[in-house]
Amino acid sequence: MATVDFITPIVDDARTWGRVAAVNSVSDVYAMGGQPLFALNLVCWNSTELPTRLLDDLLAGAAEVAAECGFVIVGGHTVDDPEPKFGLSVVGEAHPGRLLRNNGLRHGDALVLTKALGTGIISTAAKAGMASADAVETMVASMVRPNAEAAAQALLAGATGATDVTGFGLLGHLAQMVRVSGVDATLDPSTVPVLPFARDLAEAGHVPGGSRRNLDWVRPRLDPGPADETTLILLADAQTSGGLVFGAEPRAAAEAVAVLRSSGHDCAVIGHAVGGDGRIRLR
(Lines give C-alpha, C1' and ligand atoms only; values in the text may rest on other atoms or scores of the structure.)
Protein backbone atom coordinates (compact mmCIF):
# COMPACT_ATOMS: atom_id res chain seq x y z
CA MET A 1 0.00 0.00 0.00
CA ALA A 2 1.13 3.55 -0.73
CA THR A 3 -0.22 6.90 0.42
CA VAL A 4 0.78 10.55 0.44
CA ASP A 5 -0.29 13.64 2.38
CA PHE A 6 1.14 17.03 3.30
CA ILE A 7 -0.03 20.05 5.26
CA THR A 8 0.74 23.72 5.74
CA PRO A 9 2.11 24.79 9.16
CA ILE A 10 -0.43 24.19 11.91
CA VAL A 11 1.77 25.31 14.83
CA ASP A 12 4.62 27.79 15.19
CA ASP A 13 7.29 25.28 16.25
CA ALA A 14 8.91 23.64 13.21
CA ARG A 15 9.82 20.36 14.94
CA THR A 16 6.25 19.96 16.19
CA TRP A 17 4.92 20.73 12.70
CA GLY A 18 7.18 17.96 11.38
CA ARG A 19 5.82 15.51 13.93
CA VAL A 20 2.20 16.39 13.20
CA ALA A 21 2.73 16.16 9.44
CA ALA A 22 4.44 12.78 9.71
CA VAL A 23 1.76 11.30 11.99
CA ASN A 24 -0.89 12.69 9.65
CA SER A 25 0.81 11.21 6.57
CA VAL A 26 1.26 7.73 8.00
CA SER A 27 -2.30 7.60 9.31
CA ASP A 28 -3.75 6.21 6.07
CA VAL A 29 -1.53 3.13 6.37
CA TYR A 30 -2.79 2.45 9.88
CA ALA A 31 -6.37 3.10 8.77
CA MET A 32 -5.98 0.15 6.39
CA GLY A 33 -4.54 -2.08 9.10
CA GLY A 34 -1.02 -1.84 7.70
CA GLN A 35 2.47 -1.27 8.98
CA PRO A 36 4.57 1.54 7.42
CA LEU A 37 7.90 0.43 5.94
CA PHE A 38 9.54 3.52 4.43
CA ALA A 39 8.74 7.07 3.38
CA LEU A 40 9.93 10.03 1.35
CA ASN A 41 9.84 13.62 2.58
CA LEU A 42 7.88 16.13 0.48
CA VAL A 43 9.01 19.69 1.20
CA CYS A 44 7.80 23.02 -0.16
CA TRP A 45 10.02 25.67 1.38
CA ASN A 46 10.25 29.44 1.18
CA SER A 47 14.04 29.71 1.11
CA THR A 48 13.91 33.51 0.87
CA GLU A 49 12.07 34.05 4.16
CA LEU A 50 12.67 30.87 6.20
CA PRO A 51 16.10 29.91 7.58
CA THR A 52 17.57 26.48 6.94
CA ARG A 53 17.70 25.73 10.67
CA LEU A 54 13.88 25.63 10.71
CA LEU A 55 13.94 23.09 7.88
CA ASP A 56 16.40 21.04 9.92
CA ASP A 57 13.98 21.10 12.85
CA LEU A 58 11.06 20.19 10.59
CA LEU A 59 12.82 17.12 9.20
CA ALA A 60 14.03 16.14 12.67
CA GLY A 61 10.44 16.10 13.94
CA ALA A 62 9.39 13.79 11.12
CA ALA A 63 12.39 11.53 11.76
CA GLU A 64 11.34 11.22 15.42
CA VAL A 65 7.92 9.94 14.35
CA ALA A 66 9.50 7.50 11.89
CA ALA A 67 11.68 6.06 14.64
CA GLU A 68 8.71 5.83 16.99
CA CYS A 69 6.55 4.06 14.40
CA GLY A 70 9.28 1.75 13.08
CA PHE A 71 9.70 2.99 9.51
CA VAL A 72 12.57 4.66 7.68
CA ILE A 73 12.65 7.96 5.82
CA VAL A 74 14.91 7.19 2.85
CA GLY A 75 14.99 10.54 1.04
CA GLY A 76 12.63 13.03 -0.49
CA HIS A 77 12.25 16.07 -2.67
CA THR A 78 12.29 19.82 -1.99
CA VAL A 79 10.94 22.69 -4.09
CA ASP A 80 10.91 26.43 -3.53
CA ASP A 81 7.40 27.68 -2.67
CA PRO A 82 6.11 30.95 -1.19
CA GLU A 83 3.82 28.94 1.12
CA PRO A 84 5.64 26.19 3.07
CA LYS A 85 4.16 22.71 3.07
CA PHE A 86 5.42 19.39 4.39
CA GLY A 87 4.39 15.77 4.40
CA LEU A 88 5.39 12.24 3.49
CA SER A 89 4.81 9.67 0.80
CA VAL A 90 4.55 6.40 2.74
CA VAL A 91 4.77 2.76 1.63
CA GLY A 92 3.46 0.07 3.96
CA GLU A 93 2.34 -3.53 4.02
CA ALA A 94 -0.63 -5.49 5.37
CA HIS A 95 -1.89 -9.05 5.21
CA PRO A 96 -4.39 -9.11 2.32
CA GLY A 97 -6.86 -11.06 4.44
CA ARG A 98 -6.74 -8.53 7.29
CA LEU A 99 -7.14 -5.23 5.50
CA LEU A 100 -9.34 -2.62 7.11
CA ARG A 101 -11.56 -1.07 4.44
CA ASN A 102 -13.91 1.87 4.44
CA ASN A 103 -16.65 -0.38 3.01
CA GLY A 104 -16.31 -2.98 5.75
CA LEU A 105 -18.87 -1.84 8.36
CA ARG A 106 -21.37 -4.56 9.30
CA HIS A 107 -24.86 -4.60 10.77
CA GLY A 108 -24.48 -4.78 14.55
CA ASP A 109 -20.98 -3.27 14.71
CA ALA A 110 -20.30 -0.90 17.59
CA LEU A 111 -18.53 2.23 16.33
CA VAL A 112 -15.31 3.29 18.05
CA LEU A 113 -13.65 6.70 17.72
CA THR A 114 -10.03 6.71 18.91
CA LYS A 115 -9.24 10.45 19.23
CA ALA A 116 -11.18 13.45 20.44
CA LEU A 117 -12.53 15.93 17.91
CA GLY A 118 -11.82 19.65 17.72
CA THR A 119 -8.36 20.17 16.22
CA GLY A 120 -9.75 22.23 13.34
CA ILE A 121 -11.59 24.58 15.68
CA ILE A 122 -8.67 25.02 18.07
CA SER A 123 -6.15 25.58 15.27
CA THR A 124 -8.45 28.19 13.70
CA ALA A 125 -8.68 29.99 17.04
CA ALA A 126 -4.92 29.74 17.51
CA LYS A 127 -4.28 31.40 14.15
CA ALA A 128 -6.48 34.27 15.33
CA GLY A 129 -4.59 34.49 18.63
CA MET A 130 -7.70 33.41 20.55
CA ALA A 131 -6.72 29.93 21.77
CA SER A 132 -5.11 29.55 25.18
CA ALA A 133 -1.77 27.82 25.62
CA ASP A 134 -3.60 24.93 27.31
CA ALA A 135 -5.95 24.54 24.33
CA VAL A 136 -3.05 24.44 21.89
CA GLU A 137 -1.16 21.98 24.09
CA THR A 138 -4.06 19.52 24.19
CA MET A 139 -4.53 19.86 20.42
CA VAL A 140 -0.87 19.15 19.71
CA ALA A 141 -0.78 16.19 22.09
CA SER A 142 -3.65 14.63 20.14
CA MET A 143 -2.18 15.36 16.71
CA VAL A 144 1.26 13.87 17.45
CA ARG A 145 -0.17 10.56 18.74
CA PRO A 146 0.18 7.95 15.98
CA ASN A 147 -2.74 5.66 15.15
CA ALA A 148 -0.56 2.55 15.37
CA GLU A 149 -2.03 1.22 18.61
CA ALA A 150 -5.56 2.14 17.56
CA ALA A 151 -5.13 0.11 14.36
CA ALA A 152 -3.70 -2.84 16.29
CA GLN A 153 -6.68 -2.85 18.65
CA ALA A 154 -9.11 -2.59 15.72
CA LEU A 155 -7.56 -5.69 14.18
CA LEU A 156 -7.59 -7.56 17.50
CA ALA A 157 -11.27 -6.66 17.88
CA GLY A 158 -12.04 -8.27 14.52
CA ALA A 159 -12.84 -5.03 12.72
CA THR A 160 -13.23 -5.12 8.96
CA GLY A 161 -14.29 -1.51 8.45
CA ALA A 162 -12.22 1.54 9.41
CA THR A 163 -11.08 4.93 8.23
CA ASP A 164 -9.11 7.79 9.69
CA VAL A 165 -10.90 11.02 10.55
CA THR A 166 -9.22 13.91 8.78
CA GLY A 167 -10.33 16.78 6.56
CA PHE A 168 -13.95 15.70 6.05
CA GLY A 169 -14.62 15.40 9.79
CA LEU A 170 -16.26 12.51 11.61
CA LEU A 171 -19.60 12.99 9.88
CA GLY A 172 -18.05 13.27 6.42
CA HIS A 173 -15.85 10.21 6.69
CA LEU A 174 -18.55 8.17 8.41
CA ALA A 175 -21.12 9.18 5.78
CA GLN A 176 -18.85 7.75 3.09
CA MET A 177 -18.30 4.58 5.12
CA VAL A 178 -21.96 3.83 5.72
CA ARG A 179 -22.86 4.57 2.09
CA VAL A 180 -20.33 2.15 0.60
CA SER A 181 -20.91 -0.44 3.38
CA GLY A 182 -24.68 -0.49 2.86
CA VAL A 183 -25.53 0.32 6.48
CA ASP A 184 -26.81 3.22 8.56
CA ALA A 185 -25.07 4.64 11.64
CA THR A 186 -26.71 5.76 14.86
CA LEU A 187 -24.52 8.05 16.99
CA ASP A 188 -24.90 9.32 20.53
CA PRO A 189 -23.22 12.78 20.45
CA SER A 190 -22.88 12.80 24.26
CA THR A 191 -20.39 9.93 24.02
CA VAL A 192 -18.19 11.47 21.32
CA PRO A 193 -14.88 12.67 22.83
CA VAL A 194 -14.17 16.36 22.22
CA LEU A 195 -10.97 18.21 23.06
CA PRO A 196 -11.14 20.61 26.01
CA PHE A 197 -11.90 24.20 24.96
CA ALA A 198 -13.16 23.18 21.49
CA ARG A 199 -16.86 23.67 22.19
CA ASP A 200 -16.37 27.10 23.76
CA LEU A 201 -14.18 28.20 20.85
CA ALA A 202 -16.74 26.95 18.34
CA GLU A 203 -19.51 28.85 20.12
CA ALA A 204 -17.29 31.95 19.92
CA GLY A 205 -17.21 31.57 16.13
CA HIS A 206 -13.77 30.05 15.56
CA VAL A 207 -14.94 27.48 13.00
CA PRO A 208 -12.95 26.53 9.88
CA GLY A 209 -14.69 27.03 6.57
CA GLY A 210 -13.97 23.38 5.80
CA SER A 211 -15.95 22.26 8.84
CA ARG A 212 -19.00 24.25 7.71
CA ARG A 213 -18.69 22.79 4.20
CA ASN A 214 -18.45 19.29 5.67
CA LEU A 215 -21.71 19.82 7.55
CA ASP A 216 -23.46 21.23 4.50
CA TRP A 217 -22.35 18.23 2.44
CA VAL A 218 -23.59 15.64 4.94
CA ARG A 219 -26.92 17.28 5.87
CA PRO A 220 -28.98 15.50 3.16
CA ARG A 221 -28.01 12.16 4.74
CA LEU A 222 -28.12 13.30 8.37
CA ASP A 223 -30.99 13.04 10.85
CA PRO A 224 -29.75 15.47 13.53
CA GLY A 225 -32.28 14.63 16.23
CA PRO A 226 -31.97 17.01 19.19
CA ALA A 227 -28.34 18.02 18.47
CA ASP A 228 -27.67 21.76 18.45
CA GLU A 229 -25.66 23.53 15.76
CA THR A 230 -22.44 23.62 17.80
CA THR A 231 -22.60 19.87 18.32
CA LEU A 232 -23.08 19.36 14.59
CA ILE A 233 -20.10 21.60 13.83
CA LEU A 234 -17.94 19.61 16.25
CA LEU A 235 -18.99 16.34 14.62
CA ALA A 236 -18.15 17.80 11.20
CA ASP A 237 -14.96 19.58 12.28
CA ALA A 238 -12.14 19.19 9.77
CA GLN A 239 -9.38 17.31 11.59
CA THR A 240 -5.65 17.24 11.05
CA SER A 241 -4.06 13.99 12.22
CA GLY A 242 -7.32 12.72 13.68
CA GLY A 243 -8.04 9.27 15.05
CA LEU A 244 -9.61 6.19 13.56
CA VAL A 245 -13.26 5.23 13.48
CA PHE A 246 -13.86 1.49 13.21
CA GLY A 247 -16.63 -1.03 13.72
CA ALA A 248 -16.44 -4.21 15.80
CA GLU A 249 -18.65 -6.63 17.71
CA PRO A 250 -19.87 -4.69 20.78
CA ARG A 251 -18.00 -6.65 23.44
CA ALA A 252 -14.76 -6.58 21.42
CA ALA A 253 -15.22 -2.86 20.78
CA ALA A 254 -15.61 -2.18 24.50
CA GLU A 255 -12.46 -4.19 25.25
CA ALA A 256 -10.52 -2.25 22.60
CA VAL A 257 -11.66 1.05 24.11
CA ALA A 258 -10.57 -0.07 27.59
CA VAL A 259 -7.10 -0.97 26.32
CA LEU A 260 -6.71 2.28 24.38
CA ARG A 261 -7.89 4.40 27.30
CA SER A 262 -5.36 2.70 29.57
CA SER A 263 -2.59 3.90 27.24
CA GLY A 264 -3.87 7.49 27.12
CA HIS A 265 -6.15 7.50 24.07
CA ASP A 266 -9.23 9.71 24.41
CA CYS A 267 -11.60 7.23 22.78
CA ALA A 268 -15.10 5.81 23.14
CA VAL A 269 -17.85 3.71 21.64
CA ILE A 270 -19.95 6.40 19.98
CA GLY A 271 -22.75 4.45 18.31
CA HIS A 272 -23.55 1.44 16.18
CA ALA A 273 -24.21 0.34 12.61
CA VAL A 274 -27.47 -1.18 11.40
CA GLY A 275 -28.73 -2.32 8.04
CA GLY A 276 -29.65 0.63 5.86
CA ASP A 277 -28.78 2.76 2.88
CA GLY A 278 -26.17 5.20 4.13
CA ARG A 279 -27.81 7.55 6.63
CA ILE A 280 -26.47 8.87 9.93
CA ARG A 281 -28.88 9.38 12.82
CA LEU A 282 -28.10 11.29 16.00
CA ARG A 283 -30.01 10.48 19.16
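**Sheets and helices**

Mentor: Start with S2 and S3, which pair in the parallel sense over eight bridges. Two strands count as paired if DSSP finds at least two bridges between them. Helices (H or I, at least four residues) and strands (E, at least two) are DSSP runs, numbered from the N terminus.

Trainee: What should I know about the numbers before going on?

Mentor: The model is predicted, so local features need pLDDT of at least 70 and side-chain atom pairs count only at pLDDT 80 or more, while totals for chains, interfaces and linings use all residues. Residues are numbered from 1 along each chain as its sequence is written, and side-chain values use heavy atoms, with hydrogens and water left out.

Trainee: OK. Which residue stands opposite Trp-45 in S3?

Mentor: Asp-80.

Trainee: What's the order of the open sheet of four strands?

Mentor: S1-S4-S2-S3, with mixed pairing. Strand S1 (2-7) and strand S3 (72-80) are the edge strands, and each pairs on one side only. From one strand to the next, the twist averages 20°. Axes here are lines fitted to C-alpha atoms, for helices over the stretch in contact; angles run from 0 to 180 degrees between N-to-C directions.

Trainee: And how many bridges join S2 to S4?

Mentor: Nine, linking strand S2 (residues 35-45) to S4, and these two run antiparallel. Cys-44 has Lys-85 in S4 as its bridge partner. For Val-43, the partner in S4 is Phe-86.

Trainee: Which strands does helix H2 touch?

Mentor: Helix H2 (residues 52-69) packs on the sheet and touches S2, S3 and S4. Its direction makes about 170° with that of S2. Contact means heavy atoms within 4.5 Å. Helix H1 (residues 14-31) lies across S1, S2 and S4, at about 35° to S4.

Trainee: How do S7 and S11 run?

Mentor: Parallel, with three bridges joining strand S7 (residues 183-187) to strand S11 (residues 280-282). Thr-186 stands opposite Arg-281 in S11.

Trainee: At what angle does H6 cross H9?

Mentor: Roughly 65°, and the axes of H6 and helix H9 (residues 229-236) come within 3 Å. Gly-169, Leu-170 and Leu-171 of H6 make the contact with Leu-232, Leu-235 and Ala-236 of H9. By class that is five nonpolar, one polar and no charged residues. Ala, Val, Leu, Ile, Met, Phe, Trp, Tyr, Cys and Pro count as nonpolar, Asp, Glu, Lys and Arg as charged, and the others, Gly among them, as polar.

Trainee: How far apart are the axes of H6 and H8?

Mentor: 8 Å, with H6 and helix H8 (residues 209-218) packing at an angle of about 35°. Gly-169, Leu-171, Gly-172 and Ala-175 in H6 meet Asn-214, Leu-215, Trp-217 and Val-218 in H8. This contact has five nonpolar, three polar and no charged residues.

Trainee: New topic. Where does Gly-108 lie?

Mentor: In the loop between strand S4 (85-93) and S5. Gly-108 has 34% relative accessibility, so it counts as partly exposed. Buried means under 20% relative accessible area, exposed over 50%, partly exposed in between (1.4 Å probe, protein chains only).

Trainee: What does Gly-108 touch?

Mentor: Ala-248, Pro-250 and Ala-273, not counting residues up to four places away in sequence. Gly-108 and Ala-185 are 77 residues apart in sequence, and 9.9 Å apart in space, C-alpha to C-alpha.

Trainee: Zoom out. How many helices and strands are in the chain?

Mentor: 10 helices and 11 strands. Of the 283 residues, 53% are buried. Among contacts between residues at least 6 apart in sequence, 87% join residues at least 24 apart.
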